[in-house]
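Subject: Structure handover and notes

Hello,

Below is the structure for you to work with. My notes on what was found in it follow.

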Amino acid sequence: MKTEQLQQEIESLYPALCELRHTLHRHPEAGTQEFETDRIITDCLRQWGIPFQMIADTGILAWITGESDISQTYENALPESVSVSHERPGNVVGLRADIDALPIEEAADHICRSENPGMMHACGHDAHTTIQLGVARLLQLHRSEWSGTVKLFFQPAEETIGGAERMVQEGCMKNPAVDYVAGLHVMPDYHTGEVAMKYGKLNAASDEVLIDVYGKGAHGAYPEKGIDAVLIASQLVLSLQSFVSRSLSPLESAVLSFGMINGGSAPNIICDHVQLHGTLRTTDPQTREQAKYYIRTQAKAIASAYGGEATIRFVSGYDALINDDALVDLAADIAAGLLGKEHVHWKAAPSLGVEDFSFFQEHAKAGVFYHLGCTAPDQAEVYPLHTARFQIDDSCLKTGILLQYTLTRRLLEYQPNAN
């Protein structure tokens, strides 16, 4: 299909998809609670004849198979039943859209203000979901033109517990195995009609850091009879902040922040137990392990030096999102051809924010993730993600559908040695 025809089809779908985005925006829901969102998505899938299966509680796995691969009619069956011969033509491509919202009270003058008090689509997941549904509609309409299988991941809880990992654990990347995955995120730093790409490291890994410091209680007037856990904890915080500048290469990205300190029962009692709760962000696996080793050894050594003890626990969050360079080239070439090379921007450094699309990438041959401009060119002020005044220029939906559909068609035929 020629680009002009594709753009005309997107224009014809746009009014309905725009209204769909507004409906999703008016009904934001927290992670694992996306029940109305699921109903809206599945109503579309049923109407268009796209089979799907609920997964990871409030997640949805849908699939479309190119007509040249169809050997049987697929009903709403378990994902395991969607299997295709190893001799099939075409790849298996996974597309991801996150569907949850944030606990933010939206600004009163928003064009399609949230009807759920205290909840808002302040990260653009309503746009991601709409773009994915638009791509699904086009893929279904043009099944006769392509071979392979496209899996559509409507992922819950990106903002909270990490729904991507749960979907992977429940088999979304298997039967058939996914070859390539692609995803996007709206970004208000760029105007509609622009995209931002980055080779390699794009988003950080996250780990919670929990340190318990144990001392010995005593009367505040006789500190020599106790071991002050508050003092030890204070030294720990100061010392551990230096690990980035003195224990890691300046070429690596990492940050350690302690946001919670709890301990003590009265101002005149030497505290015997303090809890530190922080977050560690790193951009590659080696740096992640090096940082954990440093935190563990320093905490134990400093506590011991003051006569106390420390126990350290890490709770793994999201893994680092690391793009495949060849797929970045492919996506950038497509964007340059469709939008103009001057509208393709390149990010100089990774973000220390996290993105659980990384779990899908880790279970595919390769993956690519990029940022989609969503601010109207004439908008006077840019409102950041995760804020009450964040808003999306609806026209970015057309750009996102155009790019994701074209990228998907190319990935279905993609051979690494030929690109």
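To start inside the protein: which residues does Leu403 touch, not counting residues up to four places away in sequence? The residues are Val195, Ile334, Ala335, Leu338, Leu339, Tyr370 and Leu372, where contact means heavy atoms within 4.5 Å.

Some conventions before the rest. This is a predicted model, in which local features need pLDDT of at least 70 and side-chain atom pairs count only at pLDDT 80 or more, while totals for chains, interfaces and linings use all residues. Residues are numbered from 1 along each chain as its sequence is written, and side-chain values use heavy atoms, with hydrogens and water left out.

Cores

Leu403 is one of the residues with the most contacts inside the largest nonpolar core, along with Leu45, Phe154, Val195, Met197, Leu407 and Leu411. That core has 71 residues. Another core, of 26 residues, lies apart from it and includes Ala233, Phe243, Cys271 and Tyr294. A nonpolar core here is a set of buried Ala, Val, Leu, Ile, Met, Phe, Trp, Tyr and Cys residues joined through side-chain atoms within 4.5 Å. Buried means under 20% relative accessible area, exposed over 50%, and partly exposed in between (1.4 Å probe, protein chains only).

Four-stranded sheet

An open sheet of four strands runs in the order S10-S12-S8-S13, with antiparallel pairing. Its edge strands are S10 (254-263) and S13 (309-316), each of which pairs on one side only. On average, neighbouring strands of this sheet are turned by 20° against each other, direction ignored. Strands (E, at least two residues) and helices (H or I, at least four) are DSSP runs numbered from the N terminus, and two strands pair if DSSP finds at least two bridges between them.

Strand S8 (residues 205-214) is joined to S13 by eight bridges, and Val213 stands opposite Ala310 in S13. Two helices pack on the sheet. Helix H5 (residues 229-240) touches S8, S10 and strand S12 (273-282), and its direction makes about 10° with that of S12. Helix H7 (residues 285-305) touches S8, S10, S12 and S13, and its direction makes about 160° with that of S13. Axes are lines fitted to C-alpha atoms, for helices over the stretch in contact, and angles run from 0 to 180 degrees between N-to-C directions.

Strand S2 (residues 59-65) is mostly covered, with seven of its seven residues buried. In a regular strand the side chains alternate between the two faces of the sheet. In S2, Gly59, Leu61, Trp63 and Thr65 point one way, and Ile60, Ala62 and Ile64 point the other way.

S2 pairs with strand S1 (residues 52-55) in the antiparallel sense over four bridges, and Gln53 stands opposite Leu61. The hairpin of S1 and S2 has three residues between the strands, and Ala56 takes a positive phi near 55° there. S2 is also joined to strand S4 (residues 149-155) by six bridges, again antiparallel, and Ile60 stands opposite Phe154 in S4.

Backbone points to check

A cis peptide bond joins Asn175 and Pro176, with omega about 0°. Pro176 lies in the loop between helix H4 (163-169) and strand S5 (180-191). Asn175 has a positive phi of about 50° although it is not a glycine. Asn175 counts as partly exposed because its relative accessibility is 34%.

His386 also has a positive phi, near 65°. His386 is in the loop between strand S16 (366-375) and helix H10 (396-412), and counts as partly exposed because its relative accessibility is 39%.

Cavities and pocket

A search of the whole structure finds three cavities of 30 Å³ or more. The largest cavity holds about 50 Å³ of space. Its lining consists of Leu95, Arg96, His128, Ile131, Gln132, Val135, Leu184 and Gln404, and helix H3 (125-141) gives the most, with four residues.

The largest pocket holds about 600 Å³ of space. It is lined by 27 residues, of which Glu158, Arg281, Gly353, Val354 and Glu355 lie nearest its centre. S5, S8, S12, S13 and S16 each give two or more residues to the lining of the largest pocket.

On a 1 Å grid over the protein atoms alone, a cavity is a set of points where a 1.4 Å probe fits but cannot get out, and a pocket is an open set with protein on both sides within 12 Å along at least five of seven lines; lining residues have an atom within 4 Å of a point. Grid points are joined across faces, edges and corners, and a volume is the space filled by probe spheres set on the points.

Regards
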